[in-house]
Amino acid sequence: MILGIETSCDDTCAAVLHGNEILSSVISSQTEFHALYGGVVPEIASRHHLELVNAVIAQAIAKAGVELNSITRIAVTTRPGLIGALLVGVATAKSIAYGLGVELVGVNHMEGHVAANYLPPEPVEPPFVCLIASGGHTSVVFVPQRGEHKLLGQTLDDAAGEALDKGARLLGLGYPGGAELDTLAADGAPGYVTFPVGLDKPGRLDFSFSGVKTALYYYLRDLDPKIFNEHRADIAASYQSAVITALVKKTLAAAASTRCDQICIGGGVSANTELRRLLATECERQGMRLHIPPPTLCTDNAAMIASAARYLPAKPLPDYLSLGATASGGFAA
Amino acid sequence: MPALAIDTATEVAAIALGDRDTLLAESRISAGRSHLELLLPAVHELLNHNNLAIQDVSAVVAGTGPGTFSGLRVGISTARALAQALKVPLYGFGTLEALALGLLRSKRGSNDCLVLPVIDARRGQVFARLYRKEGESAVVPESDVLCLDPADLLKQISGFANGKVITGGNGALAYRKILQTSRQLDLLDSDDSGNQVCAVWHLRAVNIENGYDESQMLSIVPEYVREPDADKTVLLRMREPWLK
Ligand SMILES: [Zn+2]
(Lines give C-alpha, C1' and ligand atoms only; values in the text may rest on other atoms or scores of the structure.)
Protein backbone atom coordinates (compact mmCIF):
# COMPACT_ATOMS: atom_id res chain seq x y z
CA MET A 1 0.00 0.00 0.00
CA ILE A 2 1.51 3.33 -1.08
CA LEU A 3 0.84 6.78 0.41
CA GLY A 4 1.59 9.55 -2.11
CA ILE A 5 2.28 13.18 -1.11
CA GLU A 6 2.45 16.11 -3.55
CA THR A 7 3.08 19.76 -2.59
CA SER A 8 5.10 21.17 -5.51
CA CYS A 9 2.89 24.16 -6.34
CA ASP A 10 -0.38 25.40 -4.84
CA ASP A 11 -2.34 22.18 -4.25
CA THR A 12 -1.79 20.08 -1.14
CA CYS A 13 -2.40 16.45 -2.16
CA ALA A 14 -2.30 12.97 -0.63
CA ALA A 15 -3.48 9.64 -2.03
CA VAL A 16 -3.50 5.96 -1.14
CA LEU A 17 -2.86 3.32 -3.79
CA HIS A 18 -3.38 -0.41 -3.26
CA GLY A 19 -1.78 -2.17 -6.20
CA ASN A 20 -3.06 -0.11 -9.10
CA GLU A 21 -6.31 0.74 -7.36
CA ILE A 22 -6.83 4.32 -6.13
CA LEU A 23 -8.30 3.95 -2.64
CA SER A 24 -8.35 7.71 -2.10
CA SER A 25 -7.03 10.91 -3.65
CA VAL A 26 -7.45 14.14 -1.69
CA ILE A 27 -6.64 17.53 -3.22
CA SER A 28 -6.82 20.71 -1.16
CA SER A 29 -6.67 23.64 -3.55
CA GLN A 30 -5.29 26.99 -2.45
CA THR A 31 -6.45 28.83 -5.59
CA GLU A 32 -8.73 31.19 -3.66
CA PHE A 33 -5.81 32.48 -1.57
CA HIS A 34 -3.64 33.22 -4.59
CA ALA A 35 -6.43 34.63 -6.75
CA LEU A 36 -6.12 37.89 -4.78
CA TYR A 37 -2.62 38.35 -6.12
CA GLY A 38 -3.27 37.13 -9.65
CA GLY A 39 -0.64 34.41 -9.31
CA VAL A 40 0.83 31.86 -6.97
CA VAL A 41 2.75 33.55 -4.15
CA PRO A 42 5.47 31.08 -3.05
CA GLU A 43 5.58 32.14 0.62
CA ILE A 44 1.80 31.92 0.96
CA ALA A 45 1.78 28.50 -0.74
CA SER A 46 4.45 27.21 1.66
CA ARG A 47 2.53 28.41 4.70
CA HIS A 48 -0.68 26.78 3.51
CA HIS A 49 1.03 23.47 2.72
CA LEU A 50 2.37 23.28 6.26
CA GLU A 51 -1.03 23.96 7.75
CA LEU A 52 -2.88 21.55 5.45
CA VAL A 53 -0.61 18.60 4.73
CA ASN A 54 -1.16 16.49 7.86
CA ALA A 55 -4.94 16.88 7.71
CA VAL A 56 -4.94 16.03 4.00
CA ILE A 57 -2.92 12.87 4.75
CA ALA A 58 -5.28 11.93 7.60
CA GLN A 59 -8.22 12.44 5.24
CA ALA A 60 -6.65 10.28 2.50
CA ILE A 61 -6.03 7.50 5.03
CA ALA A 62 -9.59 7.73 6.39
CA LYS A 63 -11.19 7.82 2.92
CA ALA A 64 -9.15 4.77 1.92
CA GLY A 65 -10.59 2.95 4.93
CA VAL A 66 -7.15 1.88 6.15
CA GLU A 67 -4.82 2.71 9.02
CA LEU A 68 -1.67 4.78 8.63
CA ASN A 69 0.41 1.80 9.79
CA SER A 70 -0.83 -0.39 6.93
CA ILE A 71 1.15 1.84 4.54
CA THR A 72 4.28 0.05 3.27
CA ARG A 73 5.82 2.74 1.07
CA ILE A 74 5.72 6.54 0.93
CA ALA A 75 6.04 8.45 -2.36
CA VAL A 76 6.74 12.17 -2.47
CA THR A 77 7.42 14.83 -5.10
CA THR A 78 11.01 16.06 -4.66
CA ARG A 79 11.36 18.15 -7.85
CA PRO A 80 10.64 20.37 -9.80
CA GLY A 81 8.49 23.00 -8.09
CA LEU A 82 8.45 25.90 -5.64
CA ILE A 83 11.28 25.08 -3.24
CA GLY A 84 9.52 26.22 -0.06
CA ALA A 85 6.46 24.19 -1.01
CA LEU A 86 8.49 21.06 -1.83
CA LEU A 87 10.36 21.35 1.52
CA VAL A 88 7.14 20.86 3.46
CA GLY A 89 6.11 17.76 1.49
CA VAL A 90 9.54 16.14 1.63
CA ALA A 91 10.06 16.82 5.37
CA THR A 92 6.58 15.44 6.06
CA ALA A 93 7.01 12.34 3.86
CA LYS A 94 10.43 11.46 5.30
CA SER A 95 9.16 11.83 8.87
CA ILE A 96 6.05 9.73 8.28
CA ALA A 97 8.16 7.02 6.61
CA TYR A 98 10.71 7.16 9.44
CA GLY A 99 8.02 7.01 12.12
CA LEU A 100 6.33 4.05 10.41
CA GLY A 101 9.65 2.37 9.60
CA VAL A 102 8.85 2.03 5.87
CA GLU A 103 10.71 2.79 2.63
CA LEU A 104 10.44 5.98 0.59
CA VAL A 105 10.51 6.98 -3.08
CA GLY A 106 11.33 10.51 -4.27
CA VAL A 107 9.38 11.24 -7.47
CA ASN A 108 9.90 13.77 -10.26
CA HIS A 109 6.62 15.67 -10.61
CA MET A 110 6.78 15.49 -14.43
CA GLU A 111 7.18 11.72 -14.31
CA GLY A 112 4.13 11.70 -12.03
CA HIS A 113 2.06 13.34 -14.78
CA VAL A 114 3.16 10.57 -17.16
CA ALA A 115 2.40 7.90 -14.54
CA ALA A 116 -1.19 9.18 -14.16
CA ASN A 117 -1.79 7.35 -17.46
CA TYR A 118 -1.02 3.98 -15.80
CA LEU A 119 -3.94 4.39 -13.40
CA PRO A 120 -7.54 3.22 -13.80
CA PRO A 121 -10.18 3.67 -15.16
CA GLU A 122 -8.30 3.13 -18.44
CA PRO A 123 -4.68 2.27 -17.72
CA VAL A 124 -2.37 2.35 -20.75
CA GLU A 125 1.05 0.87 -21.34
CA PRO A 126 4.02 2.40 -23.18
CA PRO A 127 5.26 3.01 -25.76
CA PHE A 128 3.51 6.37 -26.09
CA VAL A 129 4.18 10.05 -26.59
CA CYS A 130 2.95 12.20 -23.70
CA LEU A 131 2.09 15.90 -23.78
CA ILE A 132 2.25 17.53 -20.35
CA ALA A 133 0.74 21.00 -20.36
CA SER A 134 -0.18 23.01 -17.29
CA GLY A 135 0.29 26.41 -15.71
CA GLY A 136 3.82 25.40 -14.71
CA HIS A 137 5.10 23.13 -17.46
CA THR A 138 4.85 22.27 -21.16
CA SER A 139 6.77 19.25 -22.45
CA VAL A 140 6.42 16.50 -25.00
CA VAL A 141 8.13 13.31 -23.99
CA PHE A 142 8.56 9.86 -25.58
CA VAL A 143 8.02 6.98 -23.15
CA PRO A 144 9.36 3.70 -24.62
CA GLN A 145 8.73 1.86 -21.33
CA ARG A 146 7.77 2.69 -17.74
CA GLY A 147 10.40 4.85 -16.08
CA GLU A 148 12.15 5.79 -19.32
CA HIS A 149 11.56 9.29 -20.67
CA LYS A 150 13.05 11.02 -23.67
CA LEU A 151 12.33 14.74 -23.83
CA LEU A 152 11.40 15.73 -27.39
CA GLY A 153 10.21 19.29 -26.88
CA GLN A 154 9.56 21.85 -24.18
CA THR A 155 8.59 25.47 -23.81
CA LEU A 156 11.31 28.06 -24.15
CA ASP A 157 9.34 30.70 -22.21
CA ASP A 158 5.84 30.55 -20.72
CA ALA A 159 4.02 27.31 -19.97
CA ALA A 160 0.88 26.72 -22.08
CA GLY A 161 -1.44 27.11 -19.10
CA GLU A 162 0.36 30.30 -18.11
CA ALA A 163 -0.11 31.63 -21.66
CA LEU A 164 -3.84 30.85 -21.49
CA ASP A 165 -4.16 32.46 -18.03
CA LYS A 166 -2.31 35.58 -19.15
CA GLY A 167 -4.41 35.85 -22.32
CA ALA A 168 -7.52 35.56 -20.13
CA ARG A 169 -6.20 38.35 -17.96
CA LEU A 170 -5.63 40.63 -20.94
CA LEU A 171 -9.22 39.93 -21.98
CA GLY A 172 -10.41 41.06 -18.56
CA LEU A 173 -11.18 37.62 -17.12
CA GLY A 174 -10.36 36.53 -13.54
CA TYR A 175 -7.54 34.36 -12.20
CA PRO A 176 -6.82 31.62 -13.04
CA GLY A 177 -8.47 32.51 -16.31
CA GLY A 178 -7.79 29.44 -18.47
CA ALA A 179 -11.17 27.87 -17.74
CA GLU A 180 -13.08 31.14 -18.28
CA LEU A 181 -11.19 31.70 -21.53
CA ASP A 182 -12.23 28.21 -22.64
CA THR A 183 -15.91 28.99 -21.91
CA LEU A 184 -15.80 32.37 -23.64
CA ALA A 185 -13.99 30.92 -26.66
CA ALA A 186 -16.71 28.29 -27.14
CA ASP A 187 -18.96 31.05 -28.56
CA GLY A 188 -16.28 32.61 -30.73
CA ALA A 189 -14.84 32.16 -34.21
CA PRO A 190 -11.20 30.97 -33.99
CA GLY A 191 -10.45 32.45 -37.41
CA TYR A 192 -11.43 36.01 -36.44
CA VAL A 193 -7.83 37.14 -35.77
CA THR A 194 -4.73 35.28 -36.93
CA PHE A 195 -2.36 35.05 -33.99
CA PRO A 196 1.08 33.50 -34.51
CA VAL A 197 1.71 29.86 -33.60
CA GLY A 198 5.07 29.77 -31.80
CA LEU A 199 8.07 28.06 -33.50
CA ASP A 200 5.82 26.77 -36.28
CA LYS A 201 8.51 25.07 -38.36
CA PRO A 202 8.72 21.46 -39.55
CA GLY A 203 10.85 19.34 -37.22
CA ARG A 204 10.78 21.92 -34.42
CA LEU A 205 9.24 20.29 -31.36
CA ASP A 206 9.86 23.04 -28.81
CA PHE A 207 7.20 25.56 -27.81
CA SER A 208 7.17 29.33 -27.42
CA PHE A 209 4.16 31.30 -26.23
CA SER A 210 5.66 34.73 -25.68
CA GLY A 211 4.98 35.78 -29.28
CA VAL A 212 1.26 35.03 -29.23
CA LYS A 213 0.90 36.70 -25.84
CA THR A 214 2.63 39.87 -27.01
CA ALA A 215 0.59 39.82 -30.23
CA LEU A 216 -2.62 39.73 -28.18
CA TYR A 217 -1.40 42.57 -25.98
CA TYR A 218 -0.67 44.89 -28.93
CA TYR A 219 -3.82 43.81 -30.76
CA LEU A 220 -5.96 44.76 -27.74
CA ARG A 221 -4.05 47.95 -27.05
CA ASP A 222 -4.85 49.31 -30.51
CA LEU A 223 -8.39 48.00 -30.64
CA ASP A 224 -11.56 50.10 -30.71
CA PRO A 225 -13.38 49.31 -27.41
CA LYS A 226 -16.62 48.89 -29.33
CA ILE A 227 -15.14 46.13 -31.46
CA PHE A 228 -13.59 44.61 -28.36
CA ASN A 229 -16.99 44.37 -26.68
CA GLU A 230 -18.63 42.92 -29.78
CA HIS A 231 -15.93 40.41 -30.59
CA ARG A 232 -14.49 39.40 -27.23
CA ALA A 233 -15.49 35.75 -27.75
CA ASP A 234 -13.97 35.73 -31.25
CA ILE A 235 -10.70 37.17 -29.96
CA ALA A 236 -10.65 34.63 -27.11
CA ALA A 237 -11.25 31.78 -29.53
CA SER A 238 -8.54 33.03 -31.90
CA TYR A 239 -5.99 33.38 -29.12
CA GLN A 240 -6.80 30.01 -27.57
CA SER A 241 -6.66 28.38 -30.98
CA ALA A 242 -3.08 29.63 -31.57
CA VAL A 243 -1.92 28.18 -28.22
CA ILE A 244 -3.73 24.87 -28.67
CA THR A 245 -2.68 24.45 -32.31
CA ALA A 246 0.97 24.62 -31.23
CA LEU A 247 0.37 21.91 -28.60
CA VAL A 248 -1.44 19.57 -30.99
CA LYS A 249 0.85 20.06 -34.00
CA LYS A 250 4.00 19.40 -32.02
CA THR A 251 2.57 16.42 -30.14
CA LEU A 252 1.59 14.75 -33.40
CA ALA A 253 4.93 15.61 -34.98
CA ALA A 254 6.65 14.09 -31.92
CA ALA A 255 4.64 10.89 -32.32
CA ALA A 256 5.54 10.74 -36.01
CA SER A 257 9.22 11.28 -35.26
CA THR A 258 9.25 8.30 -32.87
CA ARG A 259 6.95 6.15 -35.03
CA CYS A 260 4.64 5.89 -32.08
CA ASP A 261 0.89 5.51 -32.58
CA GLN A 262 -0.29 6.18 -29.04
CA ILE A 263 -0.68 9.63 -27.49
CA CYS A 264 -1.28 10.42 -23.81
CA ILE A 265 -1.72 13.74 -22.04
CA GLY A 266 -1.37 15.21 -18.57
CA GLY A 267 -1.45 18.57 -16.79
CA GLY A 268 -4.28 21.01 -16.15
CA VAL A 269 -4.53 22.19 -19.79
CA SER A 270 -5.83 18.74 -20.75
CA ALA A 271 -9.20 19.94 -19.39
CA ASN A 272 -9.31 22.47 -22.24
CA THR A 273 -12.19 21.74 -24.65
CA GLU A 274 -10.38 22.92 -27.75
CA LEU A 275 -7.32 20.78 -26.95
CA ARG A 276 -9.50 17.70 -26.51
CA ARG A 277 -11.44 18.39 -29.69
CA LEU A 278 -8.45 19.15 -31.91
CA LEU A 279 -6.34 16.28 -30.55
CA ALA A 280 -9.20 13.82 -31.03
CA THR A 281 -9.81 15.03 -34.59
CA GLU A 282 -6.14 14.92 -35.56
CA CYS A 283 -5.50 11.54 -33.88
CA GLU A 284 -8.47 10.06 -35.70
CA ARG A 285 -7.30 11.50 -39.02
CA GLN A 286 -3.76 10.15 -38.56
CA GLY A 287 -4.76 6.78 -37.11
CA MET A 288 -3.39 7.40 -33.61
CA ARG A 289 -4.83 6.15 -30.34
CA LEU A 290 -5.51 8.98 -27.89
CA HIS A 291 -5.67 8.53 -24.13
CA ILE A 292 -6.85 11.29 -21.79
CA PRO A 293 -7.02 10.49 -18.04
CA PRO A 294 -9.99 11.83 -16.03
CA PRO A 295 -9.62 15.54 -15.09
CA THR A 296 -8.74 14.80 -11.44
CA LEU A 297 -5.75 12.75 -12.60
CA CYS A 298 -4.64 15.36 -15.17
CA THR A 299 -4.28 18.25 -12.73
CA ASP A 300 -1.78 17.96 -9.87
CA ASN A 301 -2.62 15.07 -7.56
CA ALA A 302 -0.84 12.56 -5.35
CA ALA A 303 -2.23 9.38 -6.95
CA MET A 304 0.06 10.01 -9.93
CA ILE A 305 3.06 10.35 -7.59
CA ALA A 306 2.16 7.05 -5.92
CA SER A 307 1.67 5.52 -9.38
CA ALA A 308 5.24 6.43 -10.38
CA ALA A 309 6.48 4.99 -7.09
CA ARG A 310 5.07 1.58 -8.04
CA TYR A 311 7.90 0.92 -10.52
CA LEU A 312 10.66 3.21 -9.19
CA PRO A 313 13.31 1.83 -6.81
CA ALA A 314 12.67 2.75 -3.15
CA LYS A 315 15.27 3.98 -0.71
CA PRO A 316 15.43 1.98 2.54
CA LEU A 317 16.00 3.40 6.02
CA PRO A 318 18.22 5.24 6.88
CA ASP A 319 19.27 6.20 3.30
CA TYR A 320 16.32 8.50 2.63
CA LEU A 321 16.63 10.54 5.82
CA SER A 322 19.01 12.93 4.02
CA LEU A 323 16.78 13.33 0.95
CA GLY A 324 16.43 16.94 -0.22
CA ALA A 325 14.23 18.85 -2.68
CA THR A 326 15.15 20.82 -5.81
CA ALA A 327 13.32 23.58 -7.60
CA SER A 328 14.52 22.54 -11.06
CA GLY A 329 14.56 19.24 -12.91
CA GLY A 330 12.34 18.04 -15.73
CA PHE A 331 13.05 15.28 -18.23
CA ALA A 332 16.42 14.78 -19.87
CA ALA A 333 16.62 15.01 -23.66
CA MET B 1 10.48 6.81 27.04
CA PRO B 2 12.05 10.16 26.19
CA ALA B 3 10.54 13.12 24.39
CA LEU B 4 12.26 14.52 21.29
CA ALA B 5 12.74 18.28 21.02
CA ILE B 6 13.62 19.98 17.73
CA ASP B 7 14.46 23.62 17.02
CA THR B 8 15.35 24.82 13.52
CA ALA B 9 14.68 28.55 13.88
CA THR B 10 18.30 29.51 13.17
CA GLU B 11 21.15 28.09 11.05
CA VAL B 12 21.85 25.74 13.96
CA ALA B 13 19.51 22.78 14.17
CA ALA B 14 19.12 21.79 17.82
CA ILE B 15 17.78 18.45 18.99
CA ALA B 16 17.47 16.91 22.44
CA LEU B 17 16.14 13.75 24.05
CA GLY B 18 14.77 13.59 27.57
CA ASP B 19 12.01 15.16 29.58
CA ARG B 20 11.41 17.96 32.08
CA ASP B 21 13.73 16.50 34.68
CA THR B 22 16.22 14.35 32.79
CA LEU B 23 18.32 15.20 29.78
CA LEU B 24 19.43 12.06 27.92
CA ALA B 25 21.29 13.57 25.02
CA GLU B 26 21.59 16.74 23.01
CA SER B 27 23.14 17.77 19.73
CA ARG B 28 23.45 20.89 17.65
CA ILE B 29 24.44 20.93 14.01
CA SER B 30 25.40 23.85 11.82
CA ALA B 31 22.80 23.23 9.17
CA GLY B 32 23.01 26.56 7.35
CA ARG B 33 20.19 26.34 4.85
CA SER B 34 20.25 22.53 4.72
CA HIS B 35 17.88 21.65 7.56
CA LEU B 36 15.89 19.37 5.28
CA GLU B 37 18.91 17.24 4.46
CA LEU B 38 20.59 17.28 7.90
CA LEU B 39 17.87 17.27 10.57
CA LEU B 40 16.53 13.69 10.38
CA PRO B 41 19.99 12.05 9.99
CA ALA B 42 21.04 13.93 13.15
CA VAL B 43 17.94 12.75 15.01
CA HIS B 44 18.61 9.19 13.85
CA GLU B 45 22.22 9.36 14.96
CA LEU B 46 21.35 10.77 18.37
CA LEU B 47 18.79 7.99 18.93
CA ASN B 48 21.23 5.31 17.72
CA HIS B 49 23.90 6.62 20.02
CA ASN B 50 21.58 6.11 22.94
CA ASN B 51 20.40 2.68 21.80
CA LEU B 52 16.97 4.04 21.01
CA ALA B 53 14.70 3.84 17.96
CA ILE B 54 12.37 6.59 16.76
CA GLN B 55 9.47 4.40 17.95
CA ASP B 56 10.76 4.83 21.52
CA VAL B 57 9.99 8.57 21.40
CA SER B 58 6.98 9.32 23.58
CA ALA B 59 6.35 12.96 22.67
CA VAL B 60 7.66 15.63 20.29
CA VAL B 61 8.37 19.25 21.19
CA ALA B 62 8.91 21.75 18.38
CA GLY B 63 10.51 25.18 18.62
CA THR B 64 8.00 27.48 16.94
CA GLY B 65 10.28 30.41 16.23
CA PRO B 66 10.44 33.15 15.21
CA GLY B 67 13.38 32.54 12.88
CA THR B 68 14.03 31.75 9.23
CA PHE B 69 10.82 30.69 7.48
CA SER B 70 12.29 27.70 5.65
CA GLY B 71 14.18 26.44 8.69
CA LEU B 72 11.06 26.64 10.85
CA ARG B 73 8.96 24.91 8.23
CA VAL B 74 11.35 21.97 7.99
CA GLY B 75 11.47 21.56 11.79
CA ILE B 76 7.75 21.93 12.34
CA SER B 77 6.76 19.75 9.34
CA THR B 78 9.12 17.11 10.68
CA ALA B 79 7.74 17.36 14.22
CA ARG B 80 4.11 17.30 13.09
CA ALA B 81 4.62 14.28 10.81
CA LEU B 82 6.61 12.35 13.44
CA ALA B 83 3.83 12.95 15.96
CA GLN B 84 1.25 11.86 13.38
CA ALA B 85 3.10 8.66 12.41
CA LEU B 86 4.10 7.71 15.98
CA LYS B 87 0.73 8.78 17.41
CA VAL B 88 2.42 10.72 20.20
CA PRO B 89 1.60 14.20 21.52
CA LEU B 90 3.15 17.28 19.90
CA TYR B 91 3.91 20.47 21.79
CA GLY B 92 5.07 23.81 20.49
CA PHE B 93 7.32 26.12 22.46
CA GLY B 94 8.58 29.56 21.48
CA THR B 95 12.22 29.77 20.44
CA LEU B 96 12.72 33.19 22.05
CA GLU B 97 11.44 31.90 25.37
CA ALA B 98 13.70 28.82 25.22
CA LEU B 99 16.64 31.09 24.43
CA ALA B 100 15.71 33.35 27.36
CA LEU B 101 15.78 30.37 29.72
CA GLY B 102 19.17 29.30 28.37
CA LEU B 103 20.62 32.79 28.79
CA LEU B 104 19.38 33.07 32.37
CA ARG B 105 20.80 29.67 33.20
CA SER B 106 24.25 30.66 32.03
CA LYS B 107 24.11 33.78 34.24
CA ARG B 108 23.13 31.80 37.33
CA GLY B 109 23.97 33.61 40.53
CA SER B 110 23.53 37.03 38.99
CA ASN B 111 20.83 39.27 40.41
CA ASP B 112 19.78 40.44 36.98
CA CYS B 113 16.30 39.33 36.21
CA LEU B 114 15.66 40.84 32.78
CA VAL B 115 16.66 38.93 29.68
CA LEU B 116 16.48 39.82 26.00
CA PRO B 117 16.89 36.92 23.55
CA VAL B 118 17.64 38.20 20.04
CA ILE B 119 17.31 36.13 16.84
CA ASP B 120 18.57 37.25 13.44
CA ALA B 121 15.57 38.05 11.22
CA ARG B 122 17.73 38.80 8.12
CA ARG B 123 17.23 41.92 5.98
CA GLY B 124 18.95 43.96 8.66
CA GLN B 125 16.39 43.15 11.35
CA VAL B 126 16.10 41.06 14.50
CA PHE B 127 13.35 39.24 16.38
CA ALA B 128 13.47 39.97 20.10
CA ARG B 129 11.32 39.90 23.21
CA LEU B 130 12.05 41.12 26.72
CA TYR B 131 11.38 38.64 29.55
CA ARG B 132 11.51 38.84 33.35
CA LYS B 133 12.78 35.92 35.40
CA GLU B 134 10.02 34.22 37.38
CA GLY B 135 11.27 31.85 40.08
CA GLU B 136 14.16 29.60 39.15
CA SER B 137 13.04 28.11 35.85
CA ALA B 138 10.45 30.29 34.19
CA VAL B 139 10.20 33.64 32.43
CA VAL B 140 7.29 35.97 31.75
CA PRO B 141 7.21 38.31 28.75
CA GLU B 142 7.62 42.03 29.40
CA SER B 143 7.11 43.06 25.77
CA ASP B 144 5.54 41.84 22.54
CA VAL B 145 7.58 39.85 20.04
CA LEU B 146 9.46 42.58 18.19
CA CYS B 147 10.76 42.55 14.63
CA LEU B 148 12.88 45.64 14.05
CA ASP B 149 16.27 47.18 13.27
CA PRO B 150 18.86 46.62 16.04
CA ALA B 151 19.16 50.39 16.55
CA ASP B 152 15.42 50.65 17.16
CA LEU B 153 15.66 47.74 19.57
CA LEU B 154 18.17 49.72 21.65
CA LYS B 155 15.80 52.69 21.83
CA GLN B 156 12.91 50.48 22.91
CA ILE B 157 14.91 48.69 25.61
CA SER B 158 16.11 51.86 27.30
CA GLY B 159 12.48 52.81 27.70
CA PHE B 160 11.55 49.53 29.36
CA ALA B 161 13.69 49.18 32.49
CA ASN B 162 16.63 50.67 34.29
CA GLY B 163 18.33 47.47 35.51
CA LYS B 164 20.86 45.39 33.58
CA VAL B 165 19.46 43.25 30.77
CA ILE B 166 21.11 39.96 29.83
CA THR B 167 21.12 39.50 26.08
CA GLY B 168 22.34 36.90 23.58
CA GLY B 169 21.35 34.80 20.59
CA ASN B 170 22.52 34.81 16.98
CA GLY B 171 20.85 38.19 16.37
CA ALA B 172 22.66 39.77 19.32
CA LEU B 173 25.97 38.40 18.04
CA ALA B 174 25.33 39.53 14.47
CA TYR B 175 24.71 43.10 15.67
CA ARG B 176 27.05 43.08 18.65
CA LYS B 177 28.66 46.39 17.62
CA ILE B 178 25.34 48.15 17.86
CA LEU B 179 24.09 46.38 20.99
CA GLN B 180 27.36 46.90 22.85
CA THR B 181 26.93 50.66 22.68
CA SER B 182 24.32 50.24 25.39
CA ARG B 183 25.63 50.09 28.96
CA GLN B 184 22.40 48.46 29.95
CA LEU B 185 22.89 45.31 27.90
CA ASP B 186 25.10 42.50 29.13
CA LEU B 187 25.92 40.48 25.99
CA LEU B 188 26.71 36.79 26.50
CA ASP B 189 28.70 35.38 23.66
CA SER B 190 30.47 32.16 24.55
CA ASP B 191 29.06 29.15 22.74
CA ASP B 192 27.65 27.27 25.72
CA SER B 193 26.06 30.33 27.23
CA GLY B 194 22.90 29.72 25.26
CA ASN B 195 23.63 32.03 22.38
CA GLN B 196 22.74 29.24 20.06
CA VAL B 197 19.22 28.03 20.49
CA CYS B 198 19.30 24.88 22.50
CA ALA B 199 16.53 22.29 22.42
CA VAL B 200 17.06 21.33 26.04
CA TRP B 201 15.08 24.35 27.15
CA HIS B 202 12.11 23.24 25.11
CA LEU B 203 12.16 19.91 26.97
CA ARG B 204 12.44 21.56 30.37
CA ALA B 205 9.61 23.98 29.69
CA VAL B 206 6.95 21.56 28.52
CA ASN B 207 4.82 19.47 30.82
CA ILE B 208 4.11 16.33 28.85
CA GLU B 209 0.93 14.59 29.84
CA ASN B 210 -1.83 13.83 27.36
CA GLY B 211 -1.64 11.31 24.50
CA TYR B 212 -1.83 11.92 20.74
CA ASP B 213 -4.35 14.57 19.86
CA GLU B 214 -4.75 15.33 16.17
CA SER B 215 -6.24 18.79 16.58
CA GLN B 216 -3.45 19.72 18.99
CA MET B 217 -0.88 18.53 16.41
CA LEU B 218 -2.58 20.55 13.66
CA SER B 219 -2.48 23.68 15.80
CA ILE B 220 1.33 23.78 15.98
CA VAL B 221 2.52 26.24 13.32
CA PRO B 222 5.54 28.54 12.99
CA GLU B 223 5.46 31.94 14.62
CA TYR B 224 6.31 33.95 11.51
CA VAL B 225 5.84 37.46 13.00
CA ARG B 226 6.42 38.90 9.53
CA GLU B 227 3.67 38.88 6.93
CA PRO B 228 4.53 36.94 3.76
CA ASP B 229 5.84 39.26 1.14
CA ALA B 230 4.50 38.43 -2.24
CA ASP B 231 7.54 37.39 -4.23
CA LYS B 232 7.93 40.35 -6.53
CA THR B 233 9.40 38.62 -9.55
CA VAL B 234 6.71 35.96 -9.73
CA LEU B 235 3.93 38.45 -9.19
CA LEU B 236 5.23 40.92 -11.68
CA ARG B 237 5.18 38.24 -14.32
CA MET B 238 1.61 37.36 -13.50
CA ARG B 239 0.36 40.92 -13.29
CA GLU B 240 2.13 42.18 -16.39
CA PRO B 241 1.46 39.35 -18.78
CA TRP B 242 3.47 40.88 -21.63
CA LEU B 243 6.69 40.90 -19.63
CA LYS B 244 9.19 38.01 -19.71
ZN1 LIG C 1 1.90 19.58 -12.57
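Predicted model: local features only at pLDDT ≥ 70, side-chain atom pairs only at ≥ 80, totals over all residues.

I started with Lys87(B), which sits in the loop between H2 and strand E5 (90-93) of chain B. Its phi is near 55°, a positive value in a residue other than glycine.

Next I checked Arg122(B), another non-glycine residue with a positive phi, near 60°. I found Arg122(B) in strand E6 of chain B. With a relative accessibility of 33%, Arg122(B) is partly exposed.

**Entry: cis peptides**

I looked for cis peptide bonds next. In chain A, Pro126(A) and Pro127(A) are joined by one, with omega about 5°. I placed Pro127(A) in the loop between H4 and strand E6 (128-133) of chain A.

In chain B, the bond from Gly65(B) to Pro66(B) is cis, and omega is near 5°. Pro66(B) belongs to the loop between strand E4 (59-63) and H2 of chain B.

**Entry: Thr95(B)**

Pro66(B) came up again when I listed what Thr95(B) touches. Leaving aside neighbours within four places in sequence, the contacts of Thr95(B) include Gly63(B), Thr64(B), Gly65(B) and Pro66(B). Also among them are Ala9(B), Ile119(B), Val197(B) and His202(B).

Thr95(B) is in helix H3 (residues 95-106) of chain B. I noted its relative accessible area as 0%, so Thr95(B) is buried. Which side chain makes a polar contact with that of Thr95(B)? I found Asp7(B), at 2.8 Å.

**Entry: the zinc ion**

Which residues hold the protein donors of the zinc ion? I wrote down His109(A), His113(A) and His137(A), each through NE2, plus Asp300(A) through OD. These donors lie 2.1 to 2.4 Å from the zinc ion. The spacing of the donor residues in sequence reads H-x3-H-x23-H-x162-D.

I then checked the geometry. The 4 donor atoms subtend angles of 90 to 164° around the zinc ion, so the arrangement is irregular. Tetrahedral would need all angles between 85 and 135 degrees.

His109(A) and His113(A) both come from helix H4 (residues 109-115) of chain A, and because they are 4 residues apart there, about one helical turn separates them. I found both His109(A) and His113(A) buried.

**Entry: cavities and a pocket**

I counted 2 cavities of 30 Å³ or more.

I noted 30 lining residues, with Arg33(B), Phe69(B), Ser70(B), Arg73(B) and Arg122(B) nearest the centre. So much for residues; I took the elements next. From chain A, helix H2 (42-64) and helix H3 (83-100) each supply at least two lining residues, as do helix H1 (35-49), helix H2 (69-86) and E6 of chain B. H2(B) has the largest share of the pocket lining, with 5 residues.

Methods. Residues numbered from 1 in each chain as written. Chains lettered and ligands numbered in written order. Heavy atoms only, no water. Donors = N, O, S within 2.8 Å, 3.2 Å for Na, K, Ca; no water. Tetrahedral: all angles 85-135°; square planar, octahedral: opposite > 155°, others 65-115°. Buried < 20%, exposed > 50% of the residue type's maximum accessible area, 1.4 Å probe, protein only. Polar contact = N/O pair within 3.5 Å; in protein donor to acceptor, adjacent residues only side chain to side chain. Contact = heavy atoms within 4.5 Å. 1 Å grid on protein atoms, 1.4 Å probe; cavity = no way out; pocket = protein on both sides within 12 Å on 5 of 7 lines; lining within 4 Å. Points joined across faces, edges and corners; volume = space filled by probe spheres on them.
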